Amino acid sequence: MRHQQSERHPRRLFASIANKASQAAGRASTFVLACAVIVIWAVTGPLFGFSDTWQLVINTGTTIVTFLMVFLIQNSQNRDSAAIQVKLDELIRTGTVQNSFIGIEHLSADELEELRARCEVRAKTVAAERRGVAKGRARKSDDC
């Protein structure tokens, strides 16, 4: 139990920092600040004679920010995807839809594409039936 708590603390700390940083990064004021930094850097070019060091400052700064943002964005995407998946699973579980769709996020890309194609065909058939175009009934199955 103690090991789990010590393991959770760094995860919660990272999640908290990543959440605050990604929220801050998505604000308009942060974008304006980034633009201001670039303008200031560009304006100081003649002051520093457009030297290699002057160029290195912006290159290094943008590389570091980009490197860190990759992890923040991935963390944010992972949390969003997991939350959406849980919500969808709960809707499927409690609704009248097919429970066979719970857990499909663990399928391979090819399996998901095959399932998507079957569902698309089923949706078109149902839409055609509703318009009165289809003559036969759509085939019902456990998974599209």
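Modeller: What follows is a quick chat about the salt bridges in this predicted model.

Colleague: OK, what does Glu113 form a salt bridge with?
Modeller: Its partner is Arg116, and the closest N and O atoms are 2.5 Å apart.

Colleague: Why would side chains pair like that at all?
Modeller: Opposite charges can pair up when the charged atoms come close.

Colleague: And how far apart are Glu113 and Arg116 in helix H4?
Modeller: They sit three residues apart in helix H4, which covers residues 109-130, so about one helical turn separates them.

Colleague: Which side chain meets Glu120 in a salt bridge?
Modeller: That's Arg116, at 2.8 Å from N to O. Glu120 and Arg116 are four residues apart in helix H4, so again about one helical turn lies between them.

Colleague: Switching to accessibility, how does Arg116 count?
Modeller: Arg116 has a relative accessible area of 39%, so it is partly exposed. Glu113 is partly exposed as well, at 41%, and Glu120 counts as partly exposed at 38%.

Colleague: Last one: what does Arg118 meet in a salt bridge?
Modeller: Arg118 pairs with Glu114, 3.8 Å from N to O. Both are in helix H4, four residues apart, about one turn of the helix. Arg118 is partly exposed, with 32% relative accessible area.

How values were computed:
Residues numbered from 1 in each chain as written. Predicted model: local features only at pLDDT ≥ 70, side-chain atom pairs only at ≥ 80, totals over all residues. Heavy atoms only, no water. Salt bridge = Lys/Arg side-chain N within 4 Å of Asp/Glu carboxyl O. Helix = DSSP H or I, 4+ residues; strand = E, 2+ residues; numbered from the N terminus. Buried < 20%, exposed > 50% of the residue type's maximum accessible area, 1.4 Å probe, protein only.
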